[in-house]
Amino acid sequence: MKPVTGKILWALLASLFVLPAAYLLLLSFSASWHFPLLFPDALTGKWWSLGFTSRFALLGSMGLSLGIAAGVSLLSTFAAFFSSRWMALSRYRSALLLSAYFPFVLSPVVLAAATYIFFVRLGWNGTVAGVAFAHFLIAYPYAVILFSGYWNERLLTMDALAATLGAGSFQRYRRVLFPLSRGVLALALFQTFLISWFEYGLSSYIGLGRVPVLTVEVYRYISEANPHVAAVASLLLVFPPLLMLWVNKRFLIRLI
Amino acid sequence: MKIRYLHRKAGLTLHVLLTLLPLAAGAVYALLYSVGLAGSLAAGFTLRYWESLVSRGTLWQTFAYSAYIMGVSIVLSYASALAMVISARGRLMERKGSRIFYLPLAMPALVLAFFAFRFLSGGGWLASLAFGSGLIASPQEFPELVNDPYGLGIIFVHFLLAFAFFSIYLDRVYANERIEEQVQSAQLLGAGYRQSLRRVVWPMILRKTWPAISLYGLFVFGSYEVPLLLGRSTPEMLSVRIVRMLSRFNLDDRPEAFAIVFAYMMLTVLLVFLLRKSKGGLR
Amino acid sequence: MRKRTTNKPAAGRMGLAALFILAFLSGSCRQAGSREARDPLQMSWEEVLQEARGSSVHLMMWQGDPFINRYMNEYVKPKLDSLYGIRLVLLEGQGNRIVSQVMTEKEAGIRRGGIDMGWINGETFYQLRQIDGLFGPFVEKLPNSRYIDFDNPFIAFDFQQAVEGYECPWGNVQQVIIYDSLRVPDPPRNLEALAAYLKAHPGTFTLSNDFTGMTLLKAFLVELAGSPDTFYGAFREQTYLKYSGMLWDWINGHKKYFWRRGETFPDAVAPLHQLFISGELNFSMSNNDAEVDNKILQGLFPETTRAYVPDHGSIQNSHYMGIMANGANKAGAMVLADFLISPEAQWRKADPAVWGDGTVLATEKLPPEWQKKFASIPHRKYSPGRAEIGKKAIREFDAEYMIRLYEDFRKKVIEN
């Protein structure tokens with residue numbers, strides 16, 4: 001590749017990647033912006049302040065989403081950490097791992113549609129716990145798959161060694177396994193957080209409109225033809241992942 | 001020791017219940033519903049919902065359209081990402097500013113779809129640009145890029161997401177698999193650069209990344225919010241169609257929707273098994 | 001001692017998860033919850049108010065319009081709280097979602113469902129009645145119902161079906177076609193003129209594949225049949241087949257001049273409005289005859305926007321509040337319904353700067369001070385007068401027509 005064309009290509013890509021966020025930022029600050037204006041006719045902060053009034057309550061939605069995502073992330077990461085370790089020691093390792101792939105590859109909204117009747121029976125539809133559990137059903141298998149490659153010979157040997165030296169299982173987790181696994185645990189925590197944080201179809205289906213997580217709100221403003229508030233809500237949705245990118249970009253590389 | 005063994009067993013049983021039970025229960029319910037054995041319309045075993053789906057061709061149409069979107073998005077994004085990575089010799093992410101490749105990954109599909117609509121529609125930003133530069137005189141003259149017959153808008157969003165993902169991923173594979181060294185040794189043995197690409201780089205990377213490609217493809221296949229915002233009334237992608245049919249006024253649509261759910265679930269099971277059997281497939 | 005502590009975290013986690021699984025398997029229902037409600041129909045109104053105090057009402061409604069949402073969130077919500085101590089929760093969803101949800105709850109055997117009340121239209125009313133999904137008759141029980149204009153057939157009948165107290169009228173509107181007088185100085189007044197317009201300006205017209213679009217198709221049917229009387233009364237298969245056949249032929253014959261050649265249709269009014277605003281379309285439409293005022297005030301439509309009813313007339317209909325038979329909070333829903341038909345709530349809603357929704361009250365029955373207030377509602381500036389378009393009002397047809405139109409529009413136009 002010639003350096004010049006390479007540079008042009010690079011610039012093109014850069015603008016393509018930066019464009020969505022930049023465009024939404026401008027949209028959220030524009031008084032009105034429609035065809036054929038290339039730039040908004042006036043800037044205003046009113047959509048942002050409006051977004052936080054009681055009518056829109058975006059802050060509340062953000063808090064709800066954060067809470068659900070944090071809970072789902074913690075629960076699924078640690079559950080998967082334990083079960084993947086047991087799996088590594090199991091005779092049926094590959095079959096057990098395979099079972100995690102099914103919910104993982106299925107469209108979340110179809111999973112919701114297929115199991116909705118059970119959620120209704122349990123009275124979990126339209127509840128925060130129900131939405132969180134539904135998120136867990138897709139975040140947990142993801143974490144299991146993430147951890148599956150992690151339990152290698154070396155780690156299992158160290159674990160066994162600690163056991164021979166008389167450490168109980170609680171101690172082994174605390175002193176050996178957790179410290180050794182800090183990196184992969186953080187990765188799983190962040191990625192399962194994102195799975196929950198980004199989920200729309202499943203949340204709206206199970207939530208029955210009663211659980212206003214941020215993605216559901218974004219969709220609502222889009223369908224209310226309120227693009228400016230939709231842009232504000234979208235940016236709130238993008239902000240935490242951007243923060244992660246700043247902290248450690250590796251956290252964002254995930255298969256969902 | 002015995003107690004530990006017990007709780008491991010219980011934990012793994014729990015794992016199976018968490019992963020398989022909801023799916024199995026959902027699949028059984030969908031199947032029963034689709035043959036008239038469950039739900040409020042149940043009036044005894046019947047195959048008429050399946051027959052009507054098959055005879056109208058809508059089942060195939062939905063699957064074929066989803067497969068088309070999946071194929072085009074994946075091939076385009078994978079090929080361009082691979083080209084970038086190879087031309088950068090696996091050092092793409094070492095370049096200054098390469099962090100921007102991560103930006104699309106920080107965006108939910110819903111937000112990108114919203115952006116794509118505002119950007120690509122007839123009254124959108126690109127159309128304004130075309131208008132400003134005198135290319136078009138009215139929004140009607142702008143080419144259809146969203147809600148269009150070829151799913152261009154949907155493909156655009158999936159491309160953006162998958163291209164960013166594959167670029168980073170392939171770059172890492174290129175480095176981890178020491179492909180550059182392989183290329184050099186192939187060249188030492190007298191292979192030309194193109195030949196070494198075809199014989200060494202391409203097969204190695206493809207074998208290594210085949211599972212990731214397949215999994216990503218399945219996500220695109222089942223994607224929901226992107227086609228919901230950018231698709232058209234017909235044909236529809238699978239998830240959109242299922243959800244729409246489940247909330248239609250015509251109550252006969254419900255059994256048919258569950259038939260599609262069941263068929264889709266079975267297809268996924270089959271694909272996961274195939275993937276596992278294939279060389280270098282799932283671990 | 002040591003053994004016990006070591007197993008604790010894993011055991012706790014397992015216990016929690018086992019609980020999930022057990023719950024998932026057993027399907028223990030939510031019935032068991034709180035108080036077992038008495039039938040509010042057997043109570044005095046005072047008792048209903050008492051019962052409702054401190055409860056939450058879950059209202060599922062279409063939330064595609066910022067003005068309507070604002071009316072609900074900034075007026076109804078706080079009022080309901082301060083007057084009756086009731087918390088109002090709005091759920092997003094149109095009629096089909098309500099029907100689908102109630103059906104699923106029935107299938108799951110849930111007697112205390114997730115929706116208490118729904119904002120519904122004729123076809124939803126028809127379907128909910130069919131599956132015994134509605135609670136009632138409750139309307140007579142509401143103190144404010146004495147003001148409702150039940151002599152008006154547009155209110156007392158919903159899609160040719162007598163309301164019979166199973167849904168409470170909320171508003172009354174007539175469909176209008178919206179256009180920009182700058183771009184379209186002389187809008188088409190019948191199908192022939194529309195065809196000519198389409199040929200001259202291809203790609204500038206379409207209809208939404210939703211309630212509003214289907215309502216427009218009914219007006220087209222009336223023009224094809226020559227008179228609305230053809231469709232009044234119970235559903236007649238022959239009539240439907242004959243005229244819908246003509247309708248599909250007409251649409252398919254002119255499809256290539258529709259927006260996107262009629263291969264796709266916006267799925268709701270909001271995107272239709274957006275296409276109109278951006279200039280892709282020269283027309284939009286609304287089931288709210290005051291929509292133009294409402295949207296110009298929001299700064300969304302240009303001030304040259306106008307609305308009209310073509311010569312074939314347009315559907316005038318009412319929209320209602322229905323209480324779900326399996327709703328968990330019927331008393332609360334009744335109080336909400338009563339509040340929504342109170343003179344104040346109706347008066348406020350009729351103001352074009354708030355919503356512009358026509359009242360369902362017979363204003364002459366109201367106390368004099370309210371009569372005066374209703375008479376002084378600011379006039380619409382851009383929308384046509386209600387009396388004027390009322391002359392061309394068509395009553396809703398039997399719900400079966402609507403359901404068939406939905407179905408066939410997809411099969412014979414979209415998928416054709």
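**Where B and C touch**

I started with the contact between two chains: chain C brings 33 residues and chain B brings 25 residues (two residues are in contact if their C-beta atoms, placed from the backbone, lie within 7 Å). The model is predicted, with pLDDT of at least 70 needed for local features and 80 or more for side-chain atom pairs, while totals for chains, interfaces and linings use all residues. Residues are numbered from 1 along each chain as its sequence is written, and chains are lettered from A and ligands numbered from 1 in the order in which they are written.

Next I looked up which helices of chain C supply at least two residues each to the side touching chain B: H1 (2-26), H4 (95-107), H5 (122-130), H10 (269-278) and H16 (399-414). Helices (H or I, at least four residues) and strands (E, at least two) are DSSP runs, numbered from the N terminus. H1(C) gives the largest share, 9 residues.

I sorted chain C's side by type and got 13 nonpolar, 10 polar and 10 charged. Nonpolar covers Ala, Val, Leu, Ile, Met, Phe, Trp, Tyr, Cys and Pro; charged covers Asp, Glu, Lys and Arg; the others, Gly among them, are polar.

**A sheet in chain C**

Then I found an open sheet of 3 strands in chain C, ordered E8-E7-E9, with antiparallel pairing (strands pair if DSSP finds at least two bridges between them). E8 (283-286) and E9 (305-308) of chain C are the edge strands, each pairing on one side only. The twist averages 30 degrees from one strand to the next. Axes are lines fitted to C-alpha atoms, for helices over the stretch in contact, and angles run from 0 to 180 degrees between N-to-C directions.

I checked E7 (residues 176-180) of chain C too: 4 bridges join this strand to E9(C). C:Ile177 has C:Tyr308 in E9(C) as its bridge partner. H10(C) packs on the sheet, touching E7 and E8 of chain C, and its direction makes about 150 degrees with that of E8(C).
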